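Have the viewer open and follow along.

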Amino acid sequence: MITSRPTPSIFRSLDWFTIVLYLLLIMAGAISIYAASYNFDNASIFDMSAFSGKQIQWIGVSLGVGLLLLVIDARMYETYAYPVYVTMLMLLLVTIFIAPDIKGSRSWIVLGSFSIQPAEFAKFATALALAKMFGAYGFNLNAAAGNYVKALAIIFLPVLFILAQHETGSALVYMSFFFVLYREGMSGLVLLGALFAVVIFVVAVKYSTEVVFGVSQGEFIVYTLILATLLGMVLFYCRNLRMVRNVLIWYMVSMGLMFVLSNFDVVEPGGWFFIGVIGVTCIYLLIEYLQTPMRKLLITVATAILAMTFMFSVNYVFNNVLGAHQQMRIKVTLGLEEDLKGGGYNVNQSKIAIGSGGWSGKGFLNGTQTKLKYVPEQHTDFIFCTIGEEEGFVGTIAVMSAFVLLILRIISLAERQPTTFSRVYAYCVASIFIFHFCINIGMVIGLCPVIGIPLPFFSYGGSSLLGFTMLLFIMLRLDASRFDKNH
Amino acid sequence: MRKDYNLEKRKYVIIAFLLVIASIFGCRLYELQMSDEKYKESADINAFLKKTLYPSRGLIYDRNGELIVYNQPAYDVMIIPRDVKTLDTLDLCRTLNITPEQLRKRFEDMRNPHLNPGYSSYTPQRLISHLSAEDYGRLQEKLYRYPGFFIQKRILRQYNHSLAANVLGNIREVNAKDIKNDNYYQPGDYCGDLGVEKSYESYLRGIKGVEILMRDAHGRIKGRYDGGSNDVQPISGRNIKLSLDYELQAYAESLMVNKIGAIVAIEPESGEILALVTSPNYDPTLLVGRQRGENYRALVNDPEKPLYDRALMGAYPPGSTFKPTQGLILLEEDIITLSTPYPCSHGYINGGLRVGCHGHASPLPLKPALQTSCNAFFCWGFKNMVDRRSKYGTSADAFEVWKNHLVSMGYGYKLGVDLPGEGRGFLPNAQYYNKAYGEGHWSANTIISVSIGQGEVLATPLQIANLGATIANRGWFRTPHVVKEIQDTILPDELLEKRYPTIDAKHYDAIAEGMRMAVTGGTCRRANIPGLDVCGKTGTAQNPHGRDHSAFLGFAPYNDPKIAVCVYVENGGWGATYGVPIGALVIEKYLRGYIPPERKAMETEMLNANSKLLSGVKKH
């Protein structure tokens with residue numbers, strides 16, 4: 001190894017922008033926890049028995065650990081990525097058996113006076129392992145199907161263990177790694193398909209009562225969507241105008257006929273009609289495929305069939321696979337149920353707290369909703385309420401902006417990494433933050449179902465704070481050594 | 001080092017995803033925090049328990065400073081239904097001294113949207129009202145056992161005398177209409193009903209205060225909000241001093257026992273009402289407390305209509321008490337002079353019409369006509385005026401002039417007394433007769449009876465008494481009123497201004513003299529009390545439904561009047577039978593303070609007289 005130039009000192013090459021943002025966020029977090037748990041009689045933010053005091057202790061620990069992570073040689077992370085990952089898997093496995101049952105979840109390991117949640121630390125370990133795999137020389141995700149299997153295995157092993165601990169929220173976080181796979185070459189269709197599935201799910205569940213054209217409103221919308229997708233894919237994806245014309249003619253003839261016949265009460269409209277129209281279109285495309293074998297045609301047909309299958313399974317899944325409280329959370333989010341005392345209580349109170357903040361809020365420690373404990377979990381998952389109530393629109397937008405800024409900064413750091421290992425790791429960090437940001441705030445403001453995951457740096461909890469700190473500081477350490485010439 | 005620039009572009013997709021989500025969140029936060037007030041209200045309803053602090057209602061005194069109406073604390077059991085947890089019904093019933101059925105009924109009534117339209121499980125609702133002091137004490141001790149329960153202190157009215165219920169009025173719970181019309185009220189509040197309680201409600205009620213307490217999600221009170229700095233202390237209602245003389249009121253009411261009718265006594269100089277009696281009346285304490293509803297229904301259904309204030313609302317033919325107004329109009333319109341005589345041949349006989357009269361000298365001018373209450377004189381005068389085409393053009397125009405003079409004297413419209421429900425009597429106008437008889441098809445003789453206070457003309461006893469005050473003042477009056485002073489405020493101008501009828505003041509002396517002559521040597525001789533110089537006018541109003549009404553209008557003393565009185569006794573017969581003696585006794589009681597022995601016989605007669613036997617009202 002020949003060094004032509006001395007490597008700049010780590011403190012010169014460290015990304016101070018991220019560090020300042022980090023410090024601001026954890027400070028704002030500690031203050032918010034103090035406000036959320038302020039009880040009119042206990043006074044000091046540093047009271048070590050109160051949540052804010054404990055959080056400040058954890059901030060101290062986190063800063064120490066962060067500093068330690070910066071001191072470690074960057075190469076060590078790549079070298080020990082797999083051992084760390086395997087250790088974490090073991091820890092997760094052990095946790096299932098030794099953790100006490102807390103509200104149905106077995107995810108906390110009690111160590112004397114405090115407890116830790118290994119799931120929070122498994123994130124950075126998984127990110128390291130994933131980065132290590134991608135960083136291997138000549139690795140190309142699309143080169144072999146086996147590569148997908150390996151990547152998914154790395155992602156889903158911890159998910160399995162975490163699901164076994166009954167921590168559905170933490171397990172869902174691992175879905176964020178699909179962003180990384182996308183960035184590293186996975187087809188965008190997977191993300192689009194997922195989006196499509198969400199839309200079908202929402203529509204089918206939300207509009208399942210009213211009947212339109214012989215089918216429920218939701219089914220009607222989904223059928224229409226599928227018909228439009230078929231046409232759209234032939235037009236934009238397969239780029240064949242002749243087929244577009246034929247499909248269009250078929251749509252119009254069949255629908256016109258249906259309209260006239262049903263008007264004269266000859267036939268009753270119903271699901272069979274839509275299935276028939278879609279089916280005939282698919283058969284037509286398959287015949288075209290036999291003449292000109294174009295893979296895109298097959299994908300188009302598969303999409304339509306998958307979408308229909310998905311739609312038919314949605315109701316089954318919703319009613320038979322999801323638990324009662326999960327069904328209720330989804331119904332509440334979709335506005336199907338009020339249930340202000342049960343499943344809708346948290347979100348309703350949370351909306352009231354945030355909504356009552358107005359432009360500039362009620363002032364620090366003056367929030368009545370949060371002080372009077374109307375919002376459960378207000379110092380953990382629902383901490384954003386306190387900000388909304390006491391600091392108002394100004395506060396919520398400021399906090400959101402800080403997160404968006406942090407994530408954008410991480411993405412830009414990721415893209416400037418010279419090694420695939422560092423880039424993939426940084427993308428993992430960005431994706432995890434995106435997921436937490438979207439789900440947590442979306443849940444608090446009633447836009448997505450209640451999924452119990454914390455808001456990074458704000459929600460009370462040592463494991464979560466330490467987990468996010470480690471995630472971020474390993475990335476900072478990798479970034480600081482980007483000028484190293486030894487790769 | 002491989003770098004795939006095609007893949008690097010994918011960062012924009014991820015960034016776009018983040019920014020789209022963040023923008024959606026931004027919009028949602030804007031909607032929640034900036035554009036929708038309902039969350040703020042919900043937050044306040046959640047966190048603040050606003051406990052109303054009720055002010056003490058203004059006290060009511062009589063003109064001599066005697067306390068008439070005061071307050072007594074009462075305790076209402078309030079609950080916030082949402083916060084009521086498991087309830088030990090039996091224990092609660094024992095504590096409150098009620099049966100479980102009654103308690104269940106109360107809970108049902110409370111939730112019944114018809115009986116309690118403002119029901120909400122989040123706001124305080126009244127479970128039981130007017131708890132006695134002992135029940136209150138017992139509940140207070142156990143209150144900690146009943147989450148969601150609290151006690152609201154209220155006030156009830158107490159009365160030192162069971163008099164003048166028509167003037168005082170009472171208080172009742174507000175209804176949905178009151179709440180809609182005045183945002184001061186909340187369900188469960190009280191407001192004045194009838195009498196000064198109603199007309200001076202805004203002074204008497206004071207200003208409510210509020211104590212803001214904070215409660216947590218479990219409904220536990222966590223102390224005062226912001227150290228009580230946002231609390232508002234209630235401001236007591238203003239005390240009111242009535243113009244009524246309670247001694248006189250009591251005496252006048254006793255004179256009206258077993259009679260149906262009214263007495264109004266006014267201090268001419270000030271327009272202050274000294275006594276306002278309607279008979280039969282009721283005990284104001286009936287309309288206090290838990291039994292109010294039942295008693296109120298009984299009063300409404302009473303065939304004698306005790307809630308109907310005859311002094312203000314009764315529309316009676318004024319009969320001969322109307323004659324002074326006629327004299328004034330004839331003088332003002334130059335139809336007669338003080339020496340113009342009109343013949344009376346035991347009545348007015350003209351154009352095939354005969355209005356009877358009684359034996360007295362004939363022909364006679366105005367003053368003796370008042371003295372003897374000569375019907376013919378006033379019929380002739382009225383005919384000469386209404387049919388004087390040379391002056392007025394048509395009878396209709398002349399009649400309008402006549403009517404307008406009377407309106408200026410307070411007839412035909414409400415006088416504007418400071419009590420609710422005043423009636424306006426009735427004064428026909430030319431149009432009314434045009435409709436009845438056809439335009440140009442009527443003349444003085446068609447409607448001649450109005451000139452002697454019969455026929456279509458109707459007046460309230462208050463209007464008649466006000467005429468007495470106007471004559472006593474020789475040409476002006478002040479709007480009669482029952483309130484003399486309001487604490488820390490002055491009375492409204494319209495109660496203090498002098499009002500001048502369209503009659504020249506110089507004509508009043510003759511009328512007063514004629515009324516004096518009626519007492520010294522005419523129809524009102526029973527009112528001739530030495531030393532008091534009473535002036536008076538009887539009235540015997542024909543009544544198509546039964547016996548004549550007996551009326552009296554008078555004032556005293558002649559030269560420096562201190563009191564003007566109207567007495568009206570339904571079915572009392574001659575004016576001299578009840579009207580004159582009762583009027584005389586009221587005047588003497590007020591001016592002397594006592595009834596001397598020589599009139600004790602008359603007093604006893606009046607106290608014991610019973611005119612109800614002749615009234616035709618059947619009491620069940």
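This is a predicted model: local features need pLDDT of at least 70, side-chain atom pairs count only at pLDDT 80 or more; totals for chains, interfaces and linings use all residues.

**Cavities**

A cavity here is a set of points on a 1 Å grid over the protein atoms alone where a 1.4 Å probe fits but cannot get out, and lining residues have an atom within 4 Å of a point. Grid points are joined across faces, edges and corners, and a volume is the space filled by probe spheres set on the points. Searching the whole structure, I get 3 cavities of 30 Å³ or more.

Residues are numbered from 1 along each chain as written, chains are lettered from A and ligands numbered from 1 in the order written, and side-chain values use heavy atoms, without hydrogens and water.

Which residues line the largest cavity? Among them are B:Tyr54, B:Arg57, B:Arg154, B:Asp189, B:Glu201 and B:Lys208. The lining divides into 6 nonpolar, no polar and 6 charged residues (Ala, Val, Leu, Ile, Met, Phe, Trp, Tyr, Cys and Pro count as nonpolar, Asp, Glu, Lys and Arg as charged, the others, Gly among them, as polar).

**Chain B against chain A**

Next I turned to the contact (heavy atoms within 4.5 Å), which takes 38 residues from chain B and 50 residues from chain A. I find 0 salt bridges between chain B and chain A, a salt bridge being a side-chain nitrogen of Lys or Arg within 4 Å of a carboxyl oxygen of Asp or Glu. H1 (5-8), H2 (10-35), H3 (38-47) and strand S8 (209-215) of chain B each supply at least two residues of the side of chain B that touches chain A. H2(B) gives the most, with 19 residues. Helices (H or I, at least four residues) and strands (E, at least two) are DSSP runs, numbered from the N terminus.

**A salt bridge in chain B**

In one of them, B:Lys484 pairs with B:Glu272, the closest N and O atoms being 3.4 Å apart. B:Lys484 sits in strand S16 and B:Glu272 in strand S12, 212 residues apart.

Most peptide bonds are trans. I noted a cis bond from B:Ser279 to B:Pro280, with omega near 0 degrees. Another cis bond joins B:Ser362 and B:Pro363, with omega about -10 degrees.

Definitions and conventions. On a 1 Å grid over the protein atoms alone, a cavity is a set of points where a 1.4 Å probe fits but cannot get out, and a pocket is an open set with protein on both sides within 12 Å along at least five of seven lines; lining residues have an atom within 4 Å of a point.
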